[in-house]
Amino acid sequence: MSEDRLALLRSRIRDIADFPKEGILFKDITPLLADVNAFRATIDLMVEALDGESVGAVIGIESRGFMFGAALADKLGVGFVPVRKPGKLPAATHRAEYDLEYGSDAVEIHQDALRPGDRAVIVDDLIATGGTAKAAGELVKRCGAEVAAFVFVINLVALEGAKKLEPHRVISILDY
């Protein structure tokens with residue numbers, strides 16, 4: 001990965017202290033999204049990291065994963081599939097629950113979103129604890145497809161979320 005492109009991306013991610021609650025240092029990607037060169041560089045780095053990978057679909061996790069996932073799917077010439085919060089998809093769905101710090105949540109995918117044997121790349125803006133991404137991986141498997149890789153713009157390394165996704169390949173553009 002080009003150091004110039006990585007420096008550009010880092011310069012377009014701002015830290016917001018105590019958001020969404022006290023003690024959290026939030027990585028705000030909205031300046032990156034607003035900068036066409038930074039956004040393009042992000043997608044290009046994802047494509048380069050997936051070089052040689054057989055991919056049949058890109059899965060985007062609600063909601064910031066939609067932005068990166070749709071652009072990546074376009075570049076790879078494959079379809080885009082959303083993974084959404086419960087009750088947001090109109091047709092029959094598969095559902096996977098995951099634990100939060102206090103309680104649990106769930107994500108869903110249309111049952112017919114993938115074909116058996118498809119190789120899917122799961123995309124989100126950030127991996128922290130890995131719970132949502134792991135649940136998305138379970139949904140891909142319930143569709144009869146397989147996870148080719150997980151791709152994130154940002155990996156919060158200290159939270160060790162990537163370990164929850166083993167043995168799958170985990171790609172992160174920026175590690176913090």
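Predicted model: local features only at pLDDT ≥ 70, side-chain atom pairs only at ≥ 80, totals over all residues.
User: Okay, on to rings. How many aromatic pairs does a search of the whole structure find?

Analyst: A pair of aromatic rings is described by the distance of the centres and the angle of the planes. The rule takes rings of Phe, Tyr and Trp (its six-membered ring) with centres within 6.5 Å; planes under 30 degrees apart are stacked, over 60 edge-to-face, and the rest tilted. Searching the whole structure turns up four aromatic pairs. One of them joins F19 and F26 edge-to-face, at 5.1 Å centre to centre with 80° between the planes. F19 counts as partly exposed because its relative accessibility is 43%. Then there are F150 and F152, which are stacked: 6.4 Å centre to centre and 5° between the planes. Both F150 and F152 are buried.

User: Which residue lies over the face of Y176 at 3.9 Å from the ring centre?

Analyst: A charge sits over a ring if NZ of Lys or CZ of Arg is within 6 Å of the ring centre and within 35 degrees of the ring normal. K27 is the one at 3.9 Å from the ring centre of Y176. R10 also lies over the face of Y176, at 4.9 Å from the ring centre.

User: Now salt bridges. How many does the count come to?

Analyst: Side chains of opposite charge can pair when their charged atoms come close. The rule asks for a side-chain nitrogen of Lys or Arg within 4 Å of a carboxyl oxygen of Asp or Glu. By that rule the count is 15 salt bridges. Take R5 and E48, whose side chains meet at 2.9 Å, N to O. They link distant parts of the chain, 43 residues apart: R5 is in helix α1 (residues 3–11) and E48 in helix α3 (residues 36–49). Helices (H or I, at least four residues) and strands (E, at least two) are DSSP runs, numbered from the N terminus. R5 counts as partly exposed because its relative accessibility is 23%, and E48 does so at 42%.

User: What about R84 and E62: where do they lie?

Analyst: Their side chains form a salt bridge at 3.1 Å, N to O. R84 is in the loop between β4 (79–83) and β5, and E62 in the loop between β3 (57–61) and α4 (64–76), so the pair ties together parts 22 residues apart in sequence. There is also a network of salt bridges that links E53, R119, E146 and R169.

User: Which peptide bonds are cis?

Analyst: The one from E62 to S63 is cis, with omega near -5°. S63 sits in the loop between β3 and α4. The bond from E166 to P167 is cis too, with omega near 10°, and P167 is in the loop between β8 (146–155) and β9 (170–175).

User: What is the phi of E160 near?

Analyst: Near 55°, which is positive in a residue other than glycine. E160 is in the loop between β8 and β9, and its side chain forms a salt bridge with K163 (3.5 Å, N to O). D18 is not a glycine either, yet it has a positive phi of about 60°. D18 lies in the loop between β1 (14–17) and β2.

User: Last one: which residues lie nearest the centre of the largest pocket?

Analyst: On a 1 Å grid over the protein atoms alone, a pocket is an open set of points where a 1.4 Å probe fits, with protein on both sides within 12 Å along at least five of seven lines; lining residues have an atom within 4 Å of a point. The largest pocket is lined by 33 residues, and R64, L100, L126, A128 and T132 lie nearest its centre. β7 gives the largest share of that lining, four residues.

Note on methods: Residues numbered from 1 in each chain as written. Heavy atoms only, no water. Buried < 20%, exposed > 50% of the residue type's maximum accessible area, 1.4 Å probe, protein only.
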